[in-house]
Amino acid sequence: LALAYSAPESWIRFLAIDLVQVPLTALAIRGRDLLAEQRIDDQSPGKLAELARMLKINHVLMRVGHSAGELVARYRETFPEAVVSGRESIANGARRYAGTLIKGDGVWHQTGEITKIRSTRHVSYDIRHPRHAAFDLNEDTLATVIGNHGSFLVIDEEVNVLYGQQIRVYANERLGAPGQIVVKATERAKTLRHVNRICRAAVQSGLARRGYVVGVGGGITLDMAGLSASLLRRGVGYIRVPTTLVGLVDVSVGIKHGVNAFNSKNIIGSFYPPTCSVNDYSFLRTVSARTIASGAAEIVKMALVRDGRMLQDMERHAAELVCSRWQAPTDVAARIALRAELLMMEELAPNLFEEDLARVVDFGHTFSSTLETFSCYQISHGEAVALDMLLSIAIGVYKQISDPLLLDRVARLLDAFGLPLWSKYVPPPQVLLASLNGIIRQRGGSLNLVIPTVAGSTAYSQEVSLKELEFGMRAVQQLAAKAVERPIVVIRTSHESIGV
Ligand SMILES: NC(=O)c1ccc[n+]([C@@H]2O[C@H](COP(=O)([O-])OP(=O)(O)OC[C@H]3O[C@@H](n4cnc5c(N)ncnc54)[C@H](O)[C@@H]3O)[C@@H](O)[C@H]2O)c1
């Protein structure tokens with residue numbers, strides 16, 4: 001029993017009730033090894049419950065003979081658990097039963113040939129919204145998280161031009177003068193070669209096992225920094241400081257990192273939880289309208305799959321949000337961005353490692369990678385998502401899944417954000433159709449094309465025919481032609497400081 005007391009809680013501990021021979025035995029078992037066994041004489045249910053608590057019993061086993069029905073019923077009131085037959089000894093029954101449970105972490109001898117290791121890793125990370133700018137000397141977030149563990153900064157080239165001086169002052173004064181590298185944020189540069197460069201520089205800077213890679217930039221920089229963090233010393237700490245809208249509302253909340261290779265987007269990558277993301281929306285003041293629009297596409301996606309009211313909010317303020325670089329109207333900009341972050345978190349959290357490959361957040365991400373690669377990345381990620389969303393809804397209209405009014409509505413909204421509704425780089429329908437085979441492989445054998453039925457709710461479709469795709473492409477092209485004819489509205493904002 002001493003062994004039973006000291007055994008790790010994850011081990012399977014049985015209270016075995018033998019109704020055929022010895023009335024009651026307490027035993028602890030690890031895998032197929034019986035560690036402790038003791039006869040217990042006092043069989044009153046109250047005593048049993050107390051004993052089970054004391055020994056941290058997590059399973060009760062009963063050996064029953066033919067005439068034990070009433071007794072079993074009595075014990076089951078206290079312990080509704082497994083029953084072994086009268087022919088099997090309680091110890092053997094316990095071993096066999098333990099092999100089928102495999103609930104806790106540890107090494108389990110399942111059968112003579114298979115020994116299973118089971119280990120569960122707890123995942124938890126924060127999205128933090130600092131009170132000051134992330135690299136303001138008065139802002140403690142980064143300094144507090146990193147402490148004296150050391151860090152290595154991976155900085156987007158454009159961000160370095162605009163904020164490099166401020167970042168270096170902060171790094172010297174608050175982070176112990178860490179090493180750094182500046183990276184080019186283009187899809188062509190988002191490769192293993194550049195990840196290798198980052199890793200080499202981090203090792204040369206002396207980054208230790210408990211140190212942190214800090215990625216500062218848009219989705220491209222964060223993808224490379226995150227992958228590097230997951231590879232360096234088999235995983236060092238990782239902190240994100242997103243500086244684009246895609247980075248803030250999408251990349252920052254997940255655990256995925258990928259680079260392009262073999263003419264495929266994000267084909268090499270890892271799931272690696274960050275320590276935290278420091279989400280400072282003031283970085284958006286300096287991004288281009290095109291980059292804001294790309295982020296808006298990801299937010300429209302979230303609204304379409306989860307929140308119809310958020311779509312209305314965006315429809316009312318799209319032009320001002322772009323012109324102000326998501327700074328005005330202040331309350332609307334914050335409300336929409338934080339809602340998008342939260343909805344994304346809610347979708348990701350129960351399925352962080354994508355065990356379930358039917359995901360509503362994949363709306364807009366079925367044709368998009370082919371649109372990007374086929375255009376040699378002339379179409380940006382967000383633009384490809386926008387085109388994909390239109391195409392998916394148009395296919396949904398043909399299939400009579402989507403509300404036909406939704407297509408026009410979404411096209412107007414994307415147009416208001418300055419997103420192109422069509423592109424000369426869109427490949428022929430046969431190419432798009434063929435690319436779906438790759439998506440099916442990626443999604444474990446099912447297409448899982450997400451199609452909104454109305455704003456805020458979706459359905460999955462498992463096949464797309466050439467006819468449907470051609471119809472969809474024609475419908476979107478017609479919308480794009482209509483959009484060109486619409487008059488341009490000039491919005492004045494009070495954000496002269498950002499030079500809009
Ligand atoms: N890992 C994920 O979960 C995930 C999710 C979504 C998207 N992505 C990836 O993210 C990438 C797209 O990200 P993105 O839209 O942020 O693009 P990006 O990283 O290419 O940045 C866009 C442009 O903005 C510049 N920039 C960045 N911050 C700036 C700032 N504050 N001021 C001025 N210029 C700035 C960059 O230098 C770049 O030229 C794609 O490669 C996509 O695959 C990854």
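Student: Leaving out residues up to four places away in sequence, what does Val-251 touch?

Tutor: Val-251 touches Gly-219, Leu-222, Arg-240 and Val-246. Keep in mind that this is a predicted model.

Student: Where does Val-251 sit, in terms of secondary structure?

Tutor: Val-251 is in the loop that runs between helix 9 (245-249) and strand 13 (256-261).

Student: And is Val-251 buried or exposed?

Tutor: Buried. Its relative accessible area is 16%, and the cut-off for buried is under 20%.

Student: How far is Val-251 from Ile-220, in sequence and in space?

Tutor: The two are 31 residues apart in sequence, and their C-alpha atoms are 9.5 Å apart.

Student: OK, switching to the ligand. Which residues are closest to it?

Tutor: The closest are Glu-187, Asp-223, Thr-243, Thr-244 and Lys-265, out of 25 residues that surround the ligand.

Student: How far is the side chain of Glu-187 from a ligand oxygen?

Tutor: An N or O atom in the Glu-187 side chain is 2.6 Å from an oxygen atom of the ligand. Asn-266 also puts a polar side-chain atom 3.4 Å from a ligand oxygen. For Phe-283 the backbone is involved: a polar atom there is 3.1 Å from a nitrogen atom of the ligand.

Student: How much of the ligand does the protein bury?

Tutor: The protein buries 87% of the 870 Å² that the ligand exposes when taken alone.

Student: Which elements give two or more residues to the shell?

Tutor: Helix 6 (157-174), helix 8 (219-231) and strand 14 (264-271). Helix 6 has the largest share, with four residues.

Student: While we're on backbone geometry, where's the cis peptide bond?

Tutor: Between Ala-328 and Pro-329, with omega at about -10°. Pro-329 belongs to the loop between helix 11 (308-323) and helix 12 (330-348).

Student: Now the packing. How many residues are in the largest nonpolar core?

Tutor: There are 78, and those with the most contacts inside the core are Ile-299, Val-300, Leu-304, Trp-326, Phe-367, Leu-414 and Phe-417. Helix 14 (residues 381-398) supplies the largest share of this core, 11 residues.

Student: What is Ile-299 in contact with, leaving aside neighbours within four places in sequence?

Tutor: Leu-245, Val-249, Met-310, Met-314, Trp-326, Ile-336 and Ala-340. Apart from this core there is another, of 24 residues, including Leu-227, Ala-229, Val-236 and Val-246.

Student: And the protein chain as a whole?

Tutor: The chain has 17 helices and 17 strands. Of its 500 residues, 53% are buried. The accessible surface is about 23,300 Å², with 50% of that belonging to carbon and sulfur atoms.

Student: Among contacts between residues at least 6 apart in sequence, what share joins residues at least 24 apart?

Tutor: That share is 71%.

Terms used
Residues are numbered from 1 along each chain as its sequence is written. This is a predicted model: local features need pLDDT of at least 70, side-chain atom pairs count only at pLDDT 80 or more; totals for chains, interfaces and linings use all residues. Side-chain values use heavy atoms; hydrogens and water are left out. A residue is near a molecule or strand if one of its heavy atoms lies within 4 Å of it. A polar contact is a pair of N or O atoms within 3.5 Å; within protein, one must be able to donate a hydrogen and the other to accept it, and residues adjacent in sequence count only if both atoms are side-chain atoms. Accessible areas come from the Shrake-Rupley method with a 1.4 Å probe; for residues, only the protein chains shown count as cover. A nonpolar core is a set of buried Ala, Val, Leu, Ile, Met, Phe, Trp, Tyr and Cys residues joined through side-chain atoms within 4.5 Å. Buried means under 20% relative accessible area, exposed over 50%, partly exposed in between (1.4 Å probe, protein chains only). Contact means heavy atoms within 4.5 Å.
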